Amino acid sequence: MRWENLTEGPAGPAALFGAGAVVTRTIDTPEFRGITFHEVRARSIVNRVPGASRMPFEWTVNPYRGCSHACVYCFARKTHSYLDLDTGLGFDSQIVVKTNAPELLRRELAAPRWTGAHIAMGTNVDCYQRAEGRYRLMPGIIEALRDRANPFSILTKGTLILRDLPLLREAAEVTEVGISVSVGFTDTALWRTVEPGTPSPAARLNAVRTLTDAGIECGVLMAPVIPFLGDSPDRLRATVRAVAESGATSVTPLVLHLRPGAREWFTAWLGEHHPHLVERYERMYAGGSYAPTWYQRMITRQVHELAAEFGIGPARRGAARKAAGPEHPDGPPSAGATQLTLL
């Protein structure tokens, strides 16, 4: 990999981290077997969202790059190629850890130019993936945000967030804190193949219940809704019912999108596990990374109708900063798309 084009030297201030600041570790324990950690000291940690994005936040914090959740559809896979790392198995097993993230965030929040804008986390890769159990970066990050009363939101598939529940409650006393858990479906067979490194959907919904019982409002981003595998009326109904039973404050669907990097990896997975669907996907995504607008609207309508039936609904107007959807560095979905009603 070409770390040198991202370190100090000819790259100057644009470099991501200092020269000689990369330490590579392989940890031979069952929970981390097969995973390599690249520990870096980042030069900055608060990132501006690209101007073309229609996300409701301008700033993000991502303490990790790569993700052991190994979701075959993950839109962030392409970002691994920026480090000359593989976007397939490499994305799942070569994890970049910004070990100085908490101290760097505290410094950047204290800078005179910082105005206290909302910061979204978990919008690129999951900040509560397995690596967080070892490196424990999030407690320091939450403490820094709490101490500055800086509003923030977290999107996660990781039940490890419950470890930091006391800190989240402290932060919620002084600023706006939004938590959203991603659960696209409750089918366990589909989960085991498409999201093999994540806690089960049931475990994630139990985390939603724990958070809401503790007074932390928690919505569910029903993402992704996977065409032809997770979008049947019965499966949508089962998922929305489970979300309602978890005590979630809202449910918002997000249809699968397949950007370059993720598209190739997902298509290979589809060919192995569901070869009869390959041509249908080629037709559905012939126009680009996003499913057709009519399909997105159909799914959104069905989920919202089910949510109303079960006593919950999409996030209320004005709650956009309480939960973060994925970043769209290569441009937003079509203007007519309604799948991001939460945002």
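**Exercise 1. Cysteines**

Is Cys 218 buried or exposed? Then find how many disulfides there are, and explain the case of Cys 74.

Solution. 
Step 1. The structure is a predicted model, and values here are computed from it.
Step 2. The relative accessible area of Cys 218 is 0%. A residue under 20% is buried, so Cys 218 is buried.
Step 3. Cys 74 has a relative accessible area of 12%, so Cys 74 is buried too.
Step 4. For a disulfide, two cysteine sulfur atoms must lie within 2.5 Å. The closest cysteine sulfur to that of Cys 74 belongs to Cys 71 and is 6.3 Å away, which is too far for a bond.
Step 5. The count of disulfides by this rule is zero.

**Exercise 2. The chain and its confidence**

Describe the chain as a whole, and state where pLDDT stays under 50.

Solution. 
Step 1. The chain has 343 residues, and buried residues make up 57% of them.
Step 2. Its secondary structure consists of twelve helices and eleven strands.
Step 3. Among contacts with a separation of 6 or more, 76% are between residues 24 or more positions apart.
Step 4. The average pLDDT is 86, and 83% of the residues score at least 70.
Step 5. Where pLDDT is low, the predicted coordinates should not be read in detail.

**Exercise 3. Cavities**

How many cavities of 30 Å³ or more does the structure hold, and what lines the largest cavity?

Solution. 
Step 1. Rolling a probe the size of a water molecule over the atoms shows where empty space is left.
Step 2. There are two cavities of 30 Å³ or more. The largest cavity contains about 380 Å³ of space.
Step 3. Its lining has 27 residues, and those nearest the centre are Tyr 73, Cys 74, Phe 75, Lys 157 and Ser 182. One of these, Cys 74, was found to be buried in Exercise 1.
Step 4. At least two lining residues come from each of α2 (89-93), β8 (152-156), β10 (218-225) and β11 (251-255). The largest share, three residues, is supplied by β10.

**Exercise 4. Helix α5**

Why is helix α5 described as largely enclosed by the rest of the structure?

Solution. 
Step 1. Helix α5 covers residues 138-147, ten residues in total.
Step 2. The buried ones are Met 138, Pro 139, Gly 140, Ile 141, Ile 142, Ala 144 and Leu 145.
Step 3. Since seven of the ten residues are buried, α5 is largely enclosed.
Step 4. The buried residues of α5 pack against β4 (59-61), α3 (101-109), β7 (119-121), α4 (131-135), β8 and α6 (165-172). Strand β8 also supplies residues to the lining of the largest cavity.

**Exercise 5. Backbone angles**

Which residues other than glycine have a positive phi of about 60 degrees or about 50 degrees, and where is a cis peptide bond found?

Solution. 
Step 1. Most residues other than glycine have a negative phi, and most peptide bonds are trans.
Step 2. Ala 70 has a positive phi of about 60 degrees. Ala 70 sits in the loop between β5 (64-65) and α1 (77-80), and its relative accessibility of 14% means that it counts as buried.
Step 3. Ala 149 has a positive phi of about 50 degrees. Ala 149 lies in the loop between α5 and β8, and at 37% relative accessibility it counts as partly exposed.
Step 4. The peptide bond joining Ala 223 to Pro 224 is cis, with omega near -10 degrees. Pro 224 belongs to strand β10.

**Exercise 6. Distances between C-alpha atoms**

What separates the C-alpha atoms of Thr 188 and Ala 202, and those of Ala 203 and Thr 159?

Solution. 
Step 1. Thr 188 is in helix α7 (residues 188-194) and is partly exposed, at 41% relative accessibility.
Step 2. Thr 188 and Ala 202 are 14 residues apart along the chain, and 8.9 Å separates their C-alpha atoms.
Step 3. Ala 203 is in helix α8 (residues 201-213) and is partly exposed, with a relative accessible area of 27%.
Step 4. Ala 203 and Thr 159 are 44 residues apart along the chain, and 7.1 Å separates their C-alpha atoms.

Technical notes. Residues numbered from 1 in each chain as written. Predicted model: local features only at pLDDT ≥ 70, side-chain atom pairs only at ≥ 80, totals over all residues. Heavy atoms only, no water. 1 Å grid on protein atoms, 1.4 Å probe; cavity = no way out; pocket = protein on both sides within 12 Å on 5 of 7 lines; lining within 4 Å. Points joined across faces, edges and corners; volume = space filled by probe spheres on them. Helix = DSSP H or I, 4+ residues; strand = E, 2+ residues; numbered from the N terminus. pLDDT = per-residue confidence, 0-100. Contact = heavy atoms within 4.5 Å. Buried < 20%, exposed > 50% of the residue type's maximum accessible area, 1.4 Å probe, protein only.
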